[in-house]
Amino acid sequence: MTRAETKERNRRALLDAAFQVVSRDGYRARLDEIAERADLTTGAIYSLFGSKNGLVVALVADYLRPYYEEVEQAVPAGLDLLEAVNAFARYYRRSCDAPDAVSRLSLQITLLDMALHDPDLGSQLAMSIRSQENHLIALFTGRSHNGSTVTSQQAQRLTTALRALFVGLSQGVPLGLAPGADEQYFADTARALASEMSLVDHDADAS
């Protein structure tokens with residue numbers, strides 16, 4: 001293997017090991033156990049990620065990347081805003097039934113706990129998540145809605161609202177706290193939110 005291939009293999013092994021250990025132990029996760037699971041040393045973690053926080057931030061980015069790639073495929077171009085929101089909601093609900101849904105929920109809750117215990121990590125995670133959410137903002141920007149075109153700022157406001165809605169619902173599904181929250185319910189709720197919320201730009205309001 002080339003040096004680059006070895007580096008990528010080690011990076012992948014550490015991210016996979018970190019997913020298992022961090023999901024289970026949260027902020028108590030030990031670097032030596034992560035390294036041992038990856039058949040590497042803690043020195044490899046510092047070399048590739050700089051710190052434990054760097055590893056966690058990379059883990060979140062690695063976890064979110066395929067999700068946003070799948071969303072872009074699930075919401076094709078040419079749909080108006082409400083059609084796009086409908087497609088996004090249906091995709092999100094299907095993901096709640098995926099084999100790794102419980103593991104993903106465990107990681108979400110664990111990361112929130114870690115962020116609360118370490119404000120510096122919390123700010124890094126927030127920055128990483130916002131960066132990934134730019135994919136959703138771009139996905140909704142430019143679509144037609146009520147005779148106009150959705151701007152980037154409007155898409156950002158909508159993305160924030162949809163994220164809050166779906167995180168709450170998707171946590172309730174595996175816990176049995178969202179009875180009747182099937183694919184149609186997700187779609188109806190998301191379309192209602194997009195239809196009723198104000199998508200007026202703040203700058204326009206100020207003027």
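A crossing of two helices is called left-handed if the near helix is turned anticlockwise from the far one by less than a right angle, and right-handed if clockwise. That term comes up in the second view below.

View 1. Helices (H or I, at least four residues) and strands (E, at least two) are DSSP runs, numbered from the N terminus. Read from that end, the elements go α-α-α-α-α-α-α-β-β-α-α-α. The C-alpha trace spans about 60 × 40 × 35 Å along its principal axes. Of the 207 residues, 41% are buried, where buried means under 20% relative accessible area, exposed over 50%, and partly exposed in between (1.4 Å probe, protein chains only). Take the contacts (heavy atoms within 4.5 Å) between residues at least 6 apart in sequence: 67% of them join residues at least 24 apart. Because this is a prediction, local features need pLDDT of at least 70 and side-chain atom pairs count only at pLDDT 80 or more, while totals for chains, interfaces and linings use all residues. Residues are numbered from 1 along each chain as its sequence is written, and side-chain values use heavy atoms, with hydrogens and water left out.

**View 2. Where H4 meets H6.** Helix H4 (residues 52-74) and helix H6 (residues 101-117) have axes that come within 12 Å and cross at roughly 145°. The axes are lines fitted to C-alpha atoms, for helices over the stretch in contact, and angles run from 0 to 180 degrees between N-to-C directions. As for its hand, the crossing of H4 and H6 is left-handed. H4 brings Val56, Leu59, Val60 and Tyr63 to the contact, and H6 brings Arg104, Leu107, Gln108, Leu111 and Met114. Sorted by class, that makes seven nonpolar residues, one polar and one charged. For the sorting, Ala, Val, Leu, Ile, Met, Phe, Trp, Tyr, Cys and Pro count as nonpolar, Asp, Glu, Lys and Arg as charged, and the others, Gly among them, as polar.

**View 3. Helix H1 and its cover.** Helix H1 (residues 3-25) has 23 residues, which should span 33 Å at 1.5 Å a residue, and its end C-alpha atoms are 32 Å apart, so the two agree. The expected span is 1.5 Å times one less than the number of residues in the helix. Buried in H1 are Asn10, Leu14, Leu15, Ala17, Ala18, Val21, Val22 and Ser23. Their cover includes helix H2 (31-37), helix H3 (42-49), H4 and H6. Arg11 also sits in H1, but it is partly exposed, with a relative accessible area of 24%. Setting aside residues up to four places away in sequence, Arg11 touches Leu48 and Phe49. Just past the helix, Gly26 has a positive phi of about 60°.

**View 4. Helix H8, with Thr159 picked out.** H8 (residues 152-175) runs for 24 residues and reaches 35 Å from its first C-alpha to its last, close to the 34 Å expected. Its buried residues include Ala155, Leu158, Leu162, Phe166 and Val173. Helix H5 (81-95), helix H7 (119-140), strand S2 (148-149) and helix H9 (183-196) are among the elements covering the buried residues of H8. Thr159 belongs to this helix and counts as buried at 3% relative accessibility. Beyond its neighbours within four places in sequence, Thr159 contacts Glu133, Leu136, Ile137 and Phe140. After H8 comes Gly176, with a positive phi near 75°.

**View 5. Phe140 and the largest nonpolar core.** A nonpolar core is a set of buried Ala, Val, Leu, Ile, Met, Phe, Trp, Tyr and Cys residues joined through side-chain atoms within 4.5 Å. The largest one here has 58 residues, and those touching the most other members are Ile34, Phe88, Phe140, Phe166 and Phe186. H4 gives this core its largest share, eleven residues. Apart from neighbours within four places in sequence, Phe140 is in contact with Leu81, Ala84, Val85, Phe88, Val150, Ala155, Leu158, Thr159 and Leu162.

**View 6. Positive phi at Asp39 and at Asn146.** Asp39 is not a glycine, yet its phi is positive, about 60°. Asp39 lies in the loop between H2 and H3 and, at 70% relative accessibility, counts as exposed. Asn146, also no glycine, has a positive phi of about 55°. Look for Asn146 in the loop between strand S1 (144-145) and S2; this residue is exposed, with a relative accessible area of 70%.
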